[in-house]
Amino acid sequence: RNELGIKPIEKYIQKINNLQNISDIKEILWNSEFSYFQGLINLGVSPDYKDSSKNIIYIGRNTLGLGNSLYYKDDRGQNKDIQKNYLDYLTKLHMLYGENEEEAGKYAKNFYSIEKDISLYIPSYEEEAKDENRIQKSYNVYTIKQLEKNVPNIGFDKLLSKLDVKKNYKVIVENPKLLNMINSLMIEENIDIIKKFLKTNVLLS
């Protein structure tokens with residue numbers, strides 16, 4: 001990988017640089033080749049919690065770079081050092097890509113800010129360990145029609161149609177409030193911060 005440098009990811013970076021509007025952003029979300037890099041919608045197929053003989057579509061929580069959401073929510077003690085080290089790491093990634101230090105720092109802060117917003121909707125490991133109803137809380141049944149109505153900015157109709165999913169198919173949303181937050185992010189005014197977020201996510205991958 002070191003010998004290849006940035007070549008393996010350069011085409012993804014270029015796609016992000018060429019994004020002009022939310023419709024373009026949606027195309028990235030709908031692109032199966034880009035699914036590993038986009039970081040906004042965690043969509044997958046796995047056995048149904050309530051009937052393991054069937055596979056079902058799950059929209060899961062977002063993956064955070066620091067793992068535990070507690071590191072974003074709590075600024076005390078060692079968590080503050082963890083946050084600083086993470087920001088320094090993100091900045092270094094962009095500098096290695098070729099950004100100057102000031103621009104790299106802006107990318108790092110943008111990415112961290114969005115992750116912090118996301119973390120507010122994700123229980124910490126400690127909170128989950130105490131929650132006896134966590135599995136039931138994560139089993140929220142939606143139809144594609146309901147998703148289109150509740151979170152229209154994402155475009156689940158087209159996203160799931162690419163997976164050959166029928167309109168009446170059952171979808172499980174692990175965290176509806178988090179999905180609403182992502183939906184609110186997907187507006188034209190946020191094009192620049194979304195592009196920066198996606199670019200950092202590619203570099204992290």
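Tyrosine 86 is buried, with a relative accessible area of 6%. I start there because buried here means under 20%. Keep in mind that this is a predicted model.

What does tyrosine 86 pair with? Its partner is tyrosine 112, and the aromatic pair is edge-to-face, at 6.4 Å centre to centre with 65 degrees between the planes. Tyrosine 86 belongs to helix α5, residues 78-97, while tyrosine 112 belongs to helix α6, so the pair ties together parts that lie 26 residues apart in sequence. Tyrosine 112 also counts as buried, at 10% relative accessibility.

How many aromatic pairs does the structure hold? There are six. Another one joins tyrosine 49 and tyrosine 58: the ring centres are 4.9 Å apart and the planes are at 35 degrees, so this pair is tilted. For the label, planes under 30 degrees apart would count as stacked and over 60 as edge-to-face. Tyrosine 58 is buried, with a relative accessible area of 9%. Ring pairs also bring in Tyr139, which makes a cluster of Tyr49, Tyr58 and Tyr139.

Back to helix α6, which covers residues 101-119. This helix packs with helix α11, residues 176-185, at an angle of about 145 degrees, and the two axes are 10 Å apart. Which residues meet? From α6 they are Ile114, Asp117 and Ile118, and from α11 they are Leu178, Met181, Ile182 and Leu185. Sorted by class, that contact has six nonpolar residues, no polar ones and one charged.

Helix α11 comes up again at the cavity. The structure holds one cavity of 30 Å³ or more, and the largest cavity contains about 60 Å³ of space. Which element gives the most to its lining? That is α11, with three residues. Strand β2, residues 51-60, also supplies at least two. Among the lining residues are Leu178 and Ile182, both of which are on the α11 side of the contact with α6.

Last, the largest pocket, with about 600 Å³ of space. Of the 26 residues lining this pocket, Ser35, Tyr36, Gln38, Gly39 and Ile41 are the closest to its centre. The elements giving two or more residues to the lining are α2, α3, β1, α6 and α12. The classes are 13 nonpolar, 11 polar and two charged. Ile41 is also listed in the lining of the largest cavity.

That is the tour.

Note on methods: Residues numbered from 1 in each chain as written. Predicted model: local features only at pLDDT ≥ 70, side-chain atom pairs only at ≥ 80, totals over all residues. Heavy atoms only, no water. Axes fitted to C-alpha atoms, helices over the stretch in contact; angles between N-to-C directions. Helix = DSSP H or I, 4+ residues; strand = E, 2+ residues; numbered from the N terminus. Contact = heavy atoms within 4.5 Å. Nonpolar A, V, L, I, M, F, W, Y, C, P; charged D, E, K, R; others polar. 1 Å grid on protein atoms, 1.4 Å probe; cavity = no way out; pocket = protein on both sides within 12 Å on 5 of 7 lines; lining within 4 Å. Points joined across faces, edges and corners; volume = space filled by probe spheres on them. Phe/Tyr/Trp six-rings, centres within 6.5 Å; stacked < 30°, edge-to-face > 60°. Buried < 20%, exposed > 50% of the residue type's maximum accessible area, 1.4 Å probe, protein only.
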